[in-house]
Amino acid sequence: VKLFETCSEGYLRTKPWCARICVVGKEIGLGYFLTELDAAKAYNVAALHYRGEYARLNIIPGEPNETT
């Protein structure tokens, strides 16, 4: 298994993509993912939860943009 360096300095993980969101000045880790697409989807879910109609979502091909 190849290890990848991720967004947490000093740690090695087998999942190269991490997702996080900043809410009221605090960073919330959303987890580590095998693909960029899965990390983007996790961010979108969190953005809708915390920011509702004001969320700025990742554009994911084949999925509707829920804020429009």
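Read from the N terminus, the elements follow the order β-β-β-β-α. This is a predicted model, in which local features need pLDDT of at least 70 and side-chain atom pairs count only at pLDDT 80 or more, while totals for chains, interfaces and linings use all residues. Residues are numbered from 1 along each chain as its sequence is written, and side-chain values use heavy atoms, with hydrogens and water left out.

Let's start with the overall picture. Of the protein's 68 residues, 22% are buried; buried means under 20% relative accessible area, exposed over 50%, and partly exposed in between (1.4 Å probe, protein chains only). The accessible surface is about 5,400 Å², and carbon and sulfur atoms account for 53% of that surface. These areas come from the Shrake-Rupley method with a 1.4 Å probe, and for residues only the protein chains shown count as cover. Among contacts (heavy atoms within 4.5 Å) with a separation of 6 or more, 9% join residues 24 or more positions apart.

Now for the inside. In soluble globular proteins, nonpolar side chains tend to be buried together. A nonpolar core here is a set of buried Ala, Val, Leu, Ile, Met, Phe, Trp, Tyr and Cys residues joined through side-chain atoms within 4.5 Å. The largest such core has seven residues: Ile 21, Val 23, Tyr 43, Ala 46, Ala 47, Ala 55 and Leu 57. Both β3 (17-23) and α1 (36-51) supply at least two of its residues, and α1 gives the largest share, three residues. Leaving aside residues up to four places away in sequence, Val 23 touches Ile 28 and Tyr 50.

What about charged pairs? Side chains of opposite charge can pair when their charged atoms come close. With a salt bridge taken as a side-chain nitrogen of Lys or Arg within 4 Å of a carboxyl oxygen of Asp or Glu, the count is two.

| Salt bridge | Closest N and O atoms |
|---|---|
| Glu 27 and Arg 20 | 3.3 Å |
| Glu 63 and Lys 41 | 3.4 Å |

Glu 63 sits in the segment after α1 and Lys 41 in helix α1, so this pair ties together parts that are 22 residues apart in sequence. Glu 63 is partly exposed, at 40% relative accessibility, and Lys 41 is partly exposed with a relative accessible area of 32%. In the other pair, Glu 27 is exposed at 56%, while Arg 20 is partly exposed at 40%.

Note on methods. Helices (H or I, at least four residues) and strands (E, at least two) are DSSP runs, numbered from the N terminus.
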